[in-house]
Each structure stands twice: as structure tokens, then as C-alpha cells.
Amino acid sequence: MVEIDNLSFRYGRREVLSQLSLTLEPGKIYGLFGENGTGKTTFLSLLCGLKKPSGGSIRVPVGGTPWQRSPEFLEWVYFLPDDFSVYSGTPVRFEKDFAPFRKGFDKEGYYRLLERFGIDIHQRMDRMSYGQLKKVHIAFALCSGAGLLLMDEPTNGLDVPSKAAFCETVKRFSLGQGTVVIATHQVQDVADLIDQTLSLAH
Amino acid sequence: MMERYFSFSRLGSVLKTDLQNARKNMGLSFLLMSTSGALTYLFVLILRWLAGWNELTLGGDARGFIFGVMIATLCIVTPARCYGSVTEVRAGRFFLLLPASVWEKSLSMILICAVVIPVAACAVYFGLDELLCLIDPSCGTPLLKLMGEEIWGITSAIPYSLTFLLGAIFFKKSKMAKTIGCILLFYMVGSILAGSFLGNIDIHFLDTATLSIDLSWFSGAMGLILMALIVWRVRTLQH
């Protein structure tokens, strides 16, 4: 369970999030909606420890506060951003490089999901399209063994069959008592998936 | 409990990831720098061959000078090439969210920039130098033998390497130029302070040996301070 209490964040003088309080429960999928600039990505960054809150607190079940970025916490959380850094290896190499950091990583599930997404596991990732790259990252995130999955615009760039596969696997992930927060403008893509809506406004 | 802060297996994984990044980001530069002595020798050989300058040789002094330039360039370039992207939102996010502790990430950075890459470059440079001297007697004594005990003087480059690493993860843009600027500023302020201090004491009480010991302590202390600052920066970095 993640307990957020009076969370605030400001960029200089501009307050983006103000006194936000909520609880994220295990096994639930949350849809995070709001106009541009309302702080969706900032909220996800605060949850995964990339930013330090200006005020309030976030209590997580492992490894202190997110901001401390302890190894246990970083293993428990997975942030899937909308933009990725360039990785020049193949999906196989990606798994070999980063799975050792995650004890609960499901290797078989990762390759099964890549096959389902139609990804050539021997193709270099820096030569993949944005959609293909996204599929590799989604497959890795869903099989990472994380307890909290934060996704920023996950269905951007996915084709229709892949969107269906994505929804199905996210549902399965949450049944395993994982918490999922999906920030998106593509509400129709995740409408059937989410258990609870979180709306942010200016 | 200790596992929470430090684990050798995690450090190994971080080192492996960092080495792969280093190979990707500065593989060619490393190759050029570590073979700079041999490349210059080849250049001299071509000149000798084409222009008929038979007396032209690349002696120990020249090879030593090239080595010094190579080490200095390596100290300046390596941190920015390997870890400069840590301050960028996309690449840096990946580094910050890697499930390892601040200590493991910082130690890996320090080892790569101040030990692994310089030692590897020295090994390649000295190895090729030894080979050249074996093939061509006009090269004279191999550099490694020529330097003897002085080889350990290379360790004085470690604080500089750490300074450039700190600059690489501290500044967002113009990392190398800003770090050089900071070093110059530090030396200027240090000289003014030291000048005013030495002006107030009787200089006859200080001999060379005392000064040398003080400076080696100073170098060690600087190294420790820089390492602490690197850990602090990795801990507090946010995007």
C-alpha cells in the first residue's frame, strides 16, 4: 500500500501539485488523467523517487521513502516513461543487462510477451520503431517483478492487437497484487482496465 | 541490513553496465588515446621513409610527453563521456532508477573513471611501447623501464579525474570547460590564501621534505572530499 499525505510539488514559484492525499492499494489499477501541465508525469516522478516533494509525504511498504532511492525500493517500483533513452543492444541483451538487478524477474514471461507483441528478439533496439521499442519496455516492466508499476502514456504508438495484449497482461499483473498507475490522455484505450480514476486539474 | 546499502554482487552488475556504456560512449576515443604513442611512432616512421629523415626518431622523452598528454586528456574526457548523460532527463532517469544503492553507483563511477579506464589505457600504451622498442632499437629504452619508480606519480592524476567526474555529474552543460574554470578558480584562491599565510610565518622553518609530506596529505584529503561530493551529488540528483 502506498500512502500519500498532503503531497505538494513546485517548480520554482509555480505549484504543480498541492496537498494531494490518497492511498494506492495493492491489486488495483489506477487511471491518472488530466490536461497538459497538471502534473501527471511529475506525480509519477515523485512516486518513483526521481523528484523530492516540496511538502507532504509518500509512505511505501519497502525501503524508506521514494526519495531515498534505496535498492529495495527501486526494485519494487518500475517507471515506464513515455520517452526512452537509446539502448543499442537487442531485447535479449537488454534482459541480460538489467534482469540481474531484479530478483523477481520473469524471464520466460518476458520472452512470451515479446513473441506475442511480434518483436524480433535479435533486432537491435536502436533500429526499432517507437512502437516496437515501447513493446520491449512494456514487456520488461510487466515481467520485472515490481510491486508498483508506473506507466506514462503506455499505449502511445501501440497497434490495436498490441493494445489488447497490453490490457490483458496489465490485468494479470494486478491480479498478482501489483499496483498499477497509468497516466494517459488515451482514456478509451484503458477505460475497461482501470479500477479507479485519479483526476488532476490546474 | 548492510545489504540495503552495499552488496558486491550489485556493485558487479553496476560495474558491468557502466563498462558497457563506457565502451559504447568512448570506445574509439579510448583506442585512439591508448595507441597514441604507437600512432605517433608510425607517423615518424612514415616521415623517415618518405622524407628520408633517417636521424628522426621518437625517443623516450617524446614518448613520455605523449603519455602525459594522453593521461591528462583521458582524465578530462572520460567522466563527461561516460557519465555526462546522468544530468539529462532521459538517460539520467535510467541511471537513477537502476536498482542499486547510491554507494554502489558512486563507487562504480569512481572505479571506472579513476582506475579501470586509466589503468587499461596505461597497459595498452606501455605494452605497445615495449613492443616497439623490441622491434626498433632506435626507440631506446622502453618507457616503463625509463620511468621506474616514477610510474607511481600517475596516481597524482586521480584527484583530477575525480574533479572532472564531479563536474560531469554536477554541471548540465559545458561540463569540461566549467570544471577547468573551477580548478583555475580554486588554484587562484588557494594561491592567494597560501601566499598570505606563508607571508606571515618565518619561511626558514619549512624545508622541502615537510612541504612534500603536507602536499601528499593534501592530495589524499582532496580525493576523499571529492568522493564524498560525488556520493552527495548522486544522492541528491533529481530530474
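**Exercise 1. Find what covers the buried residues of helix α3 of chain A, and list those residues.**

Solution. Start with the cover: the elements over the buried residues of α3(A) include α4 (107–116) and α5 (130–142) of chain A, together with α1 (8–34) and α4 (89–96) of chain B. Helices (H or I, at least four residues) and strands (E, at least two) are DSSP runs, numbered from the N terminus. The model is predicted: local features need pLDDT of at least 70, side-chain atom pairs count only at pLDDT 80 or more, and totals for chains, interfaces and linings use all residues. Residues are numbered from 1 along each chain as its sequence is written, chains are lettered from A and ligands numbered from 1 in the order in which they are written, and side-chain values use heavy atoms, with hydrogens and water left out.

Next, count the residues. In α3(A), 6 of its 8 residues are buried, and the helix is mostly covered. Buried means under 20% relative accessible area, exposed over 50%, partly exposed in between (1.4 Å probe, protein chains only). The buried residues are Pro91(A), Val92(A), Phe94(A), Glu95(A), Asp97(A) and Phe98(A).

**Exercise 2. Describe the interface of chain A and chain B by contacts, buried area and composition.**

Solution. Step one is the contact count: 30 residues of chain A are in contact with 26 residues of chain B, where contact means heavy atoms within 4.5 Å.

Step two is area. The size of an interface is often given as the accessible area lost when the parts come together. Here the two chains bury about 2400 Å² between them, 57% of it on carbon and sulfur atoms. Buried area is the accessible area (1.4 Å probe) that two parts lose on being put together, summed over both. In chain A, Leu50(A), Arg69(A) and Phe101(A) lose the most area to chain B, together 28% of what that side buries.

The rule finds 1 salt bridge across the interface, a salt bridge being a side-chain nitrogen of Lys or Arg within 4 Å of a carboxyl oxygen of Asp or Glu. The side chains of Asp83(A) and Arg93(B) form a salt bridge, at 2.8 Å from N to O.

Step four is the origin of the surface. On the side of chain A that touches chain B, the elements giving two or more residues are α2 (71–76) and α3 (91–98) of chain A. Of the elements, α3(A) gives the most, with 5 residues. The residues of that side divide into 13 nonpolar, 6 polar and 11 charged. Ala, Val, Leu, Ile, Met, Phe, Trp, Tyr, Cys and Pro count as nonpolar, Asp, Glu, Lys and Arg as charged, and the others, Gly among them, as polar.

**Exercise 3. Is Glu75(A) buried or exposed, and what does it touch?**

Solution. Glu75(A) sits in helix α2 of chain A. Its relative accessible area is 18%, so Glu75(A) is buried. Leaving out residues up to four places away in sequence, Glu75(A) touches Phe101(A), Arg102(A), Lys103(A), Gly104(A), Ala146(A) and Pro99(B).

**Exercise 4. Trace the strand pairing around β6 and β7 of chain A.**

Solution. Begin with β6(A) (residues 148–152) and β7(A), which run parallel and are joined by 5 bridges; two strands pair if DSSP finds at least two bridges between them. Within this pair, Leu150(A) has Val181(A) as its bridge partner, and Met151(A) has Ile182(A).

Finally, check burial. In β7(A) (residues 179–183), 5 of the 5 residues are buried, so the strand is largely enclosed by the rest of the structure. In a regular strand the side chains alternate between the two faces of the sheet. In β7(A), Thr179(A), Val181(A) and Ala183(A) point one way, Val180(A) and Ile182(A) the other. In β6(A), Leu148(A), Leu150(A) and Asp152(A) point one way, Leu149(A) and Met151(A) the other, and all are buried.
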